[in-house]
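Open your viewer and get ready to click along with this short tour. At each stop you will hear what to select and what to look for there.

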Amino acid sequence: MNVFWILPIIIPLAGAALIGILGKIAKKESASWNLVYAVIANICLLAVLGILITFYTSLGSILSTELSWNIGPDVGATFKMDHLTWWLVLVFAILGSVVSIYSIKYIDQDDRIDRYYLLLLILVAGMIGVVMSGDMLTLFIFWETMSIASYVLVAFRKEQPEPIEAGIKYLFMSAFGSVMILFGMSLAYGITGTLNIASVGTIIATKFASGLSGVHYIIIASLIIGFGVKAAIVPLHTWLPDAHPAAPSGISAMLSGVVIMTGMYGMIYTLTSFFRPTGTNIGFILLWIAVITMIVGNLLALRQNDLKRLLAFSTVLNVGFILFGLSMALTGLDQDVALISVQGGWFHIFTHALGKGLAFLAAGAIIYRIEDRGLDRMEGIGRKMPWTITALTIALLSLAGVPPLPGFWSKLNIVLAAVSSGNWQYYVGIVLFLLSSVISVVYYLIVLQKLWFSEPQEHLKDVKETPIEILIPLYVLVIVMLIVSIIPGRFEILVKQAAEVAMLL
Amino acid sequence: MLLESAAIMNWAIPFAGALITPIIGFIAGKLKEGSQTQKVLRIIRNWMAVFTSFVAFLFTMLLVVDVFNGQGGEAFVTNWFWNIGDKPFAAGFGVLVDPLTVLIASFASGIGTLIMIYGINYMKDDKHLDRYWFLMQMFIGGMIFLVMSNNFLQSFVGWEIVGFCSYALIGYFFDKKGPQDPKEFTIKEETEGDYNAHAGFKAFITTRIGDVMLLTGILIIFAVAGTFRYTELLSDLTWLSDLHDKKILVLTAVLIFGGPIGKSAQFPLQFWLPEAMAGPTTVSALIHAAAMVKAGIFMVVRTYPMFYLGLHDLHIENLQYYFLIVAAVGGFTALMSATMGTSATELKKVLAFSTVSQLGYMFMGLGVGGLIEPVGGVMDYNGYFAGSFHMLSHAIFKALLFLSAGAVIHAVHTKYIDEMGGLRKDMPKVFWPMLIGGLSLSGVVPLGGFFSKESIFGACWHLGEEGNNAGWIFFAVAAVAAALTFFYTIRFLGHTFGGKKTEHVEKAEKEQGGHLHKTSPLLWVPLVILAVGTIVIGFLAPVVELFMSKNDWFAAATNFTVEAFHIDYAHFFGHTFGFSPPTFWITIGILLTGCLPAYFLFVRKQWDTKEILKKSKIVNGIYTFFHRRWYMNHAIYWCLRKFKVFAEWLYENFDLKVIDRSNYIIASGTMKSGEVFRKTHTGILSVNFLYMLLGAIILIAVLLFIPF
Amino acid sequence: MFQYTLVIAIFTLLISPILVFVLGKWNEHVAKWTAFLAVLTSAIFALLTIGDVLYLGAYTDTLGGFTLDLGAKALSINFILVADSLSLPIAGAIYVLALAVIMYSFGYMKEQKNLGLYYALLVLYVAGMIGVVFAGDLAYFYVFWELMLIPSYFIIANWGSKPNSVKIAFKYFIFTHVGAMAILIGIGGLWAFSDFGITGGALTMAGFALSSSVASSTIRLLTLLFIVGFSVKMAIFPLHTWLPDTHGEAPTPISAILSGVMIQTAAYAVLRICTDIIGIDGMGGWMRWVLIGFAVFTMIYGGVMAIAQKDTKRLFAYSSISQMGYIFFGLATFTAYGAIGSMFHIISHSLAKGSLFMVAGILMTQVGHHKGREIKKLGGLGLKMPITAIVATVAALSLAGTPPLAGFMSEWIIFSGGLAANDTLGIIAVIFAILSTALTATYVLLFLKDVFLGPVKEEYKDVKDPSPYMWIPLVTMAILSFVIGIFPKSALIFITNYVAPLFTGGS
């Protein structure tokens, strides 16, 4: 056993423990203590990034390890580190790190800051654990770790009624999802007798070579629904518009940017692992779910006045985009084309995390100043805080898919795949995809023009630019985005390796 | 070499003068107001225009000599455009020296020079002479450029330069009256001439309709023949057969004729020319006599051999419809405008109608000529020559008439013939030239107009004798129009110079200190020169005929020879030329029919015309009908107004309310559906769970029961 | 002969906005001249390629590139800039108008705030257009295509005439973005159906080859996508409604650029992509007639709508729609003449329409911001502002296709393109097309008549010509219009060399 491989999980957890202890020691809230927590959290996440870099050099093949307790094969916990995992952990770490810097200033007025950072680290550790798990049990354990951390973070400002309500809603619905996941996994275990995800696939393929039957479809449905709740596919998305705006903005960025994507990962990873070897074409169902998700997300976002809620709905839209790309893995279409599509999906997770993360952080910066989430109360604020709004503009333009920002490259990737697919469902789908993209531009523009082109309102007269501590993380993300804009090819190579893993190549 | 450079110089020099004019004007404008240098510069500017047109005239005279010597043809051909692969973009830039081009160039520059001289005095009080001289020189240069060109495209360029200059010159006094609703002067017909800006606009747009047709025709020919050059088109006539096979030959020919219809103000585009005299009189003279309207004749004459050969050599019978159309349009216009001329109340307007009418004659001559069969491989030249010759003689006498009219109007400060009278004694230097011009217009022996008009009669008669009944009809039309012409000529001459002085004239005399100002030599000398020209040109007909026969490139390009021309003076009065005894006597008869009633009505004033109009409803009706120009102007304006209303209606109701609205409907529909859909998201946990369960059930159902 | 001149030309435009913006914070005069000089420098560098273009046919700069590894395939994106005998003259037109507009803005925008940002965005906008024209790779083409949109959106929304400008800019953005989406699918399709053996997954325009196994109906569909996408920008009926609004509300210099060159880059792109890269399979057959139908309808419709306008800028906007009909007509005929004429018309139209919009702007500054737009309220200004009147006349006549101005030279070539197909339908189309030049003449002359002619009104007694900053560009463009009209060879020598070989094989 090589413990080094699970360091990405252990380090954040260790950091969380340290912060917890320090929090007990400190007793008192003070700015310097806040800084200490943040630095610890950041060091942990940067350490994860560093480990990732060392991993990358040795990632010739899938690295995996098994923490077995000498009971028998396929019993212990299995961890893996392949390109897909690596890619997602990278995204989590980058965004987590930025959010932890951002939070230094952002939550300095709150109580219980130690717990904030503690939960943040546990959240990240949970997510990393989910993507590193190689067996169903481990996956489920980390899934719950992550979920619980996120429930608490959503309801972090417990003095106010809204976070509490949102957190409870989130908790209930997520719990339903967890149950469904557990149900599906149990069934899978029941028909195969193994917990190892990769083995389940091979066993189903050999055992049920004649075709899938009812129980398989029940498994598929449970997994889609279970992970789909977290991934916020329609109609399982209803918790999202409450939970994301209610959370502190840094946490909103995390939730919208990456936590949702673990749901997507879980769904696609389990489905492909279990059923792709059987040559199933359930991908088309996922395609249409994706299309519905896009449309519904758009319709809900169109008339939003609450900036964070609008961004949350835009996340639903982007979930649709990502699912659109990933769905082709399960369609039985030409493998080369499907690979392109899946690659586009994984890439869009990254570009969306950057764009949406930045958008939420910038929105948070505005809210930090004016303490209001209503767009109509923000009209003309661009004149007052140009740097913040510029960052928001870049984020929204990237989400809108304007070249050469990152969002464009990932959308291009999906478009290329769909056009190459030679399948009418994808042809129709891609038209709807781009139309949805246009409609999303509508509300991004509405936001931009309200912020930029109106005369500043009376109550905004004394608003000042965001403090530099908040601007720095924003512009860190901007710089990352610009790097992606200039050398998307470099990132595509990474994503391609990830996609190959996802396609079980 | 001399030939080439002369053929270029005669348009390049007026152009150069035009370009220098504003520079001199600009410098003069910068100098101190009223300083000596400024005055000198302005005099230089004015006389430079005379000089450039005169130099152009001299160069043209060199070409005349050349043509008489049998030289001529194309020169200075360079590719104006760029090749498309191997295929040349066959739009060369060159000049063509042949009798037709030199003929028009000579009277354009010659008469142009006289008009320039006249203009120096006539326009001396104007403040914006830079513009005036620029446009005048541009106008003459453009006209010569148009005729000297060796291909359609280049001609079209000149065609549009002329069109633009006429637009700008007609609207020269553009600040006179506002561009108001045209409704006003469709009701008060008389004052239309004051709306200079509107008149120019009308001229440009109306001729533009013709230009559109011409350009289409040119381009169709280009598409089929692959060239714009006249000589190439004539030497290889297969394009005619090609077009005929596509069944668009007559259409193309008529499209080409569309340009002349607009430019030379033929029915149905004739209504712009009467307003074109809104500009300074010099401009009217230039438009009506030397340039602009003659461009139309030029284009028909230029294409005449092509279609003639198509009809008679390639035996494409359909082409006779083309010639019939040309003749019919010409004949109808000649007649119609003559009737309008009898009732016009403004001096220049009468002349304008007469121009339209005379141009109709020319087209009639050309159309009729095209129908006459060749004899023994020899092309019949009757119509061709008749049209061209009438163009020349008309140029001279019409310039004369306009310039004299200008002198009269200048003196008495009115343009209405009712308000003039008794000027014969006071303005002899204007009266006599104008009389000569008027008589020539009516076709009185032995003035130029007689010979040229007679040759058209002859052509019609000839056609009739050949057994084509159309000839007789055209002859009749020509005869009636000629009678009307004499009628209105006598009418305006009588009104102007005959009878007693009117109150208005007396008032003008009082204003000018007891008697009318003496006519300046700069005004009357050109008149005299033109009057002499009018007399002489008739007798020079054989020379002109000889000149026109020197069409070497034409002869070389066809099987037809042009030796049908007889220079022999004795033969000139013979049948070939069309001046046969029957037509001669008929002509005399016609002239008397027109002349006598007019003489008694307007010179002797036997009867009071106003009384007649008041008493007789029929006469009054006819008079009003003519006076209102057969209501065609009304009809056009009605259509235009309706068109504008339609455009506005379309804009309001279609573009804004349908197309644009539909975008907004889509947009707001999306927004609305967003609004409605948002209501389903209540945020109530149980409802959310309901959705979730529904979704789960549907998903499971789909997975289990729908095969895919 | 040289190297990296185009790269320098583009990067000058891409980087200088930052400088302009920063300088604008300090001194707006310095900023505006910096903007002018940046575009001028870029133009000079771009012009250095002229020797190579004339003697070698094309000049290419490659500044590396990168590959998107997509599954088993790859999308190679190379930063290739090509100046060939088509892109150079079009770029020339853009540069001329851009320089004119920047100088014009010195006078026009001087009352406005935040000018540093304005000039920075303007230069960036020019960078987008120049990039579109010089792009030798479809991916970069698309990148620059969208780059055109963003700065113009911000300029229109921020400096447009209030209070509608934001709404209108929004409309503009959404319309063009929808078009861009169609283009994006089209580009994706080209990549997907390209012959990877030849292209290696690259979207380089030169040497692009479609796989031979693609069905012709698919190719036609692709072409249609491109054409619909570009039609939005070209404002072909019924996708035109964004244009009058946008041109009407944008600040006048931007209207001039929008109408003068930006919408024509779409026409350029149609030739580049649909005619050149996809070729006869895409645009031949019945499709040509459909396109010709739309083109002819657009030109007449635009003309009729222009006659109904009461506002100068909207009048010219509809006129632009009509003119785009001509350009589209030339392209849709799918003949050498038509294509040459269209490309030539881009140049002549940019001079004429650019001038006319600037004239409208002069009226707005000299007469009054609102009064100066309403045609009915003007009149008799010809004597008060002679320079403006003369320039307006030249531009109007060029637009109406009056020789010897540039507009005529391009128009007749377009029309002979319609006839070169040699069938009756073509003749009918051309008759309608030429008829609409009469329509054009009508509305431009009505404009001249109503604005400059007639008696001078008392209230306009003191109206004068504007400052030289505003008329020098106009006079220059009027002279250019003459020169190009008299020496059409100067433009055709380039355009023909590019276009003619496209058609030697086909029709």
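Contact, on this tour, means heavy atoms within 4.5 Å. This is a predicted model, in which local features need pLDDT of at least 70, side-chain atom pairs count only at pLDDT 80 or more, and totals for chains, interfaces and linings use all residues. Residues are numbered from 1 along each chain as its sequence is written, chains are lettered from A and ligands numbered from 1 in the order in which they are written, and side-chain values use heavy atoms, with hydrogens and water left out.

**Stop one: chains A and B**

Select chain A and chain B: 31 residues of chain A are in contact with 24 residues of chain B. Together the two chains bury about 2600 Å², 81% of it on carbon and sulfur atoms; buried area is the accessible area (1.4 Å probe) that two parts lose on being put together, summed over both.

Which residue meets A:Arg303 in a salt bridge? Select B:Glu675: the two side chains pair at 2.9 Å, N to O. A salt bridge here is a side-chain nitrogen of Lys or Arg within 4 Å of a carboxyl oxygen of Asp or Glu, and the rule finds one across this interface.

**Stop two: chains C and B**

Next, show chain C with chain B, where the contact takes 65 residues from chain C and 56 residues from chain B. About 5300 Å² is buried between chain C and chain B, with 76% of it on carbon and sulfur atoms. The rule finds two salt bridges across this interface. For one of them, zoom in on C:Lys310 and B:Glu648, whose side chains meet at 3.9 Å, N to O.

**Stop three: inside chain B**

Finally, colour chain B by domain: domain 1 (1-179 + 205-303), domain 2 (315-627) and domain 3 (635-705), with bounds from an automatic or database domain assignment. Between domain 1 and domain 2 of chain B, the contact takes 60 residues from domain 1 and 57 residues from domain 2. The area buried between domain 1 and domain 2 of chain B is about 5200 Å², of which carbon and sulfur atoms give 80%. How many salt bridges are there between domain 1 and domain 2 of chain B? The count is zero.
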